[in-house]
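Dear colleague,

I am handing over the structure we spoke of, and below it you will find my notes on what was found. Please read them with the coordinates open beside you.

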Amino acid sequence: MEQPPQQRILSLSHLSAIQVPPPQFIENAAAAGFNAVGLRVAQTPRDRGFQLLEGSALLRDTRQALHDNGMRVLDAEVIKLHPGSSREDWMHVLEAGQALSASYLLVTVLDDDYQRATTLFGELAAAAADHGLRCCLEPMIFSAVRDMDAAARFLADAGDGGSGILLDALHVARAGTPIDDIARQSPDLFPYCQLCDALSAEPATDENAAITEARQHRLAPGQGVLPLADLVRALPPTAAISVEAPSDRGSADPRGWAAELGAAARELFEYLDRDRTAAAGH
């Protein structure tokens, strides 16, 4: 199902080097061979990122960097639905995503009140659509929506048929979701995914350790044992790929880390392309 790398959107997620301001992050990603970026445009006491307010110099410089480097914004992030979340909490994220012509809005749910969370998500999805953004719900074992099946049920119960699910290779593994189960869902649910690698592909037994690993200790694709090729094969051929790999490398040498991540992603897709060609020949 996979396409050759030049036909895919290949994005670098901001969490891979979150301390780098958006204009420089875009330049680093372009130099590394990516054709898109994901940008953290939420900045609160609980979220690391950069507020790109209308009329600000940072928004202007970010848009200029996108233009100068021939880049696009795949997704704006992140909106975390907490107990007490309201429209005022997310409007600046939606406005920034619209100003950057982003395609997707990444959302996580941290509210265990299911009825309240699904209702609020429906309101967010409608507001996002008004700003040209498609909500994508990311399941994580340390959130209120732990895995892919739970995410599909959540979207159905939210009554929102336009949103999607963002599958992250690390979270898929830690939740113990079989790759074959992806085929049971509608392909339209998966407009893009996030790739990284890890030393283990086993389900998580410690949520705190899983949080630390996800935020600080990811590997470049191909440096570990996650079944990345199988995951990409299971996705629709139109699915964009975002590389999200926060690590000490991203802090110490963000430009070098971006280059390493870009090379690793291209190597993965070259392998997939060879595999596809060989299969077609038989």
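To begin with the cavity, the residues that line the largest one are Pro139, Arg146, Asp147, Met148, Leu167, Asp168, His171, Val172, Ala175 and Thr177. Among the elements of the fold, strand E7 (167-168) and helix H6 (169-174) are those that give two or more residues to this lining. Sorted by class, the lining consists of 5 nonpolar, 2 polar and 3 charged residues. The largest cavity holds about 50 Å³ of space, and the search of the whole structure returned 1 cavity of 30 Å³ or more. Please keep in mind throughout that this is a predicted model.

Turning to the sheet, the model has an open sheet of 9 strands, which follow the order E6-E5-E4-E3-E2-E1-E9-E8-E7 with parallel pairing. Its edge strands are E6 (164-165) and E7, each of which pairs on one side only.

Strand E4 deserves a paragraph of its own. On one side, E3 and E4 run parallel and are joined by 5 bridges, with Val109 in E4 as the bridge partner of Leu81. E4 also pairs with E5, again in the parallel sense, over 4 bridges, and here Tyr104 stands opposite Arg134 in E5. Because 6 of the 6 residues of E4 are buried, this strand is largely enclosed by the rest of the structure. The burial extends to both of its faces, with Tyr104, Leu106 and Thr108 covered on one side and Leu105, Val107 and Val109 on the other.

Helix H4 is the remaining element that I looked at in detail. After H4 comes Gly132, whose phi is positive, near 80 degrees.

With best regards

How values were computed: Residues are numbered from 1 along each chain as its sequence is written. This is a predicted model: local features need pLDDT of at least 70, side-chain atom pairs count only at pLDDT 80 or more; totals for chains, interfaces and linings use all residues. Side-chain values use heavy atoms; hydrogens and water are left out. On a 1 Å grid over the protein atoms alone, a cavity is a set of points where a 1.4 Å probe fits but cannot get out, and a pocket is an open set with protein on both sides within 12 Å along at least five of seven lines; lining residues have an atom within 4 Å of a point. Grid points are joined across faces, edges and corners, and a volume is the space filled by probe spheres set on the points. Ala, Val, Leu, Ile, Met, Phe, Trp, Tyr, Cys and Pro count as nonpolar, Asp, Glu, Lys and Arg as charged, and the others, Gly among them, as polar. Two strands pair if DSSP finds at least two bridges between them. Buried means under 20% relative accessible area, exposed over 50%, partly exposed in between (1.4 Å probe, protein chains only).
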